[in-house]
Amino acid sequence: MPSKAPTHRTQTREVKRHMVNAPDTRTERGISYSSPVWKRLRRQVWVRDAGACQLCGKVIAGLFHVDHKDEDPKNNDMSNLQLAHPACHSVKTAKARKPQRCTSATPKAGGGLNVQAV
């Protein structure tokens, strides 16, 4: 009788192989959100924005997010970052990701079709 539980080496190899093929989200967003560089940026944004949400104007008393104004997570320039309540940030992000739909099949005066957020 074995003295310890068997290890599942084939499963471990499969998991590792899967992880090798998985996209690296750190490179997609530029800076890892747990890195000292990002933590320093968060503190700088907090000080610059005086602890106030830049989306609603209210002072933040608890958790806060740092929002990328242009929705590009690789653009970590201070001018592109703003302080936001988690709820305000979620609303802004949801609006930015809403699909566009055509409101009419007639072209606009300047060319193109009438498009609005759904």
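## Asking how we know

Trainee: What is His85 in contact with, leaving aside its neighbours within four places in sequence?

Mentor: His85 is in contact with Cys53, Cys56, Lys58, Val59 and Ile60; contact means heavy atoms within 4.5 Å. A word on the model: it is predicted, so local features need pLDDT of at least 70 and side-chain atom pairs count only at pLDDT 80 or more, while totals for chains, interfaces and linings use all residues. Residues are numbered from 1 along each chain as its sequence is written, and side-chain values use heavy atoms, with hydrogens and water left out.

Trainee: Why does His85 count as buried?

Mentor: Buried means under 20% relative accessible area, exposed means over 50%, and partly exposed is in between (1.4 Å probe, protein chains only). His85 has 18% relative accessibility, so it counts as buried. You'll find His85 in the loop between strand 2 and helix 4. Helices (H or I, at least four residues) and strands (E, at least two) are DSSP runs, numbered from the N terminus.

Trainee: What makes the pair Lys92 and Asp67 a salt bridge?

Mentor: The rule asks for a side-chain nitrogen of Lys or Arg within 4 Å of a carboxyl oxygen of Asp or Glu. Here the closest N and O atoms are 3.0 Å apart, so the pair passes. Lys92 lies in helix 4 (residues 86-97) and Asp67 in strand 1 (residues 65-68), so this pair ties together parts 25 residues apart in sequence.

Trainee: How do you know whether Lys92 is buried or exposed?

Mentor: Its relative accessible area is 19%, so Lys92 is buried. Glu71 has 32%, so it counts as partly exposed.

Trainee: How many salt bridges does the rule give?

Mentor: Three. One of them joins the side chains of Asp49 and Arg48, at 2.9 Å from N to O.

Trainee: Which residues make up the largest nonpolar core?

Mentor: It has 11 residues, including Trp38, Val45, Val66 and Leu81. A nonpolar core is a set of buried Ala, Val, Leu, Ile, Met, Phe, Trp, Tyr and Cys residues joined through side-chain atoms within 4.5 Å. Helix 3 (36-48) and strand 2 (81-84) each supply at least two residues of this core.
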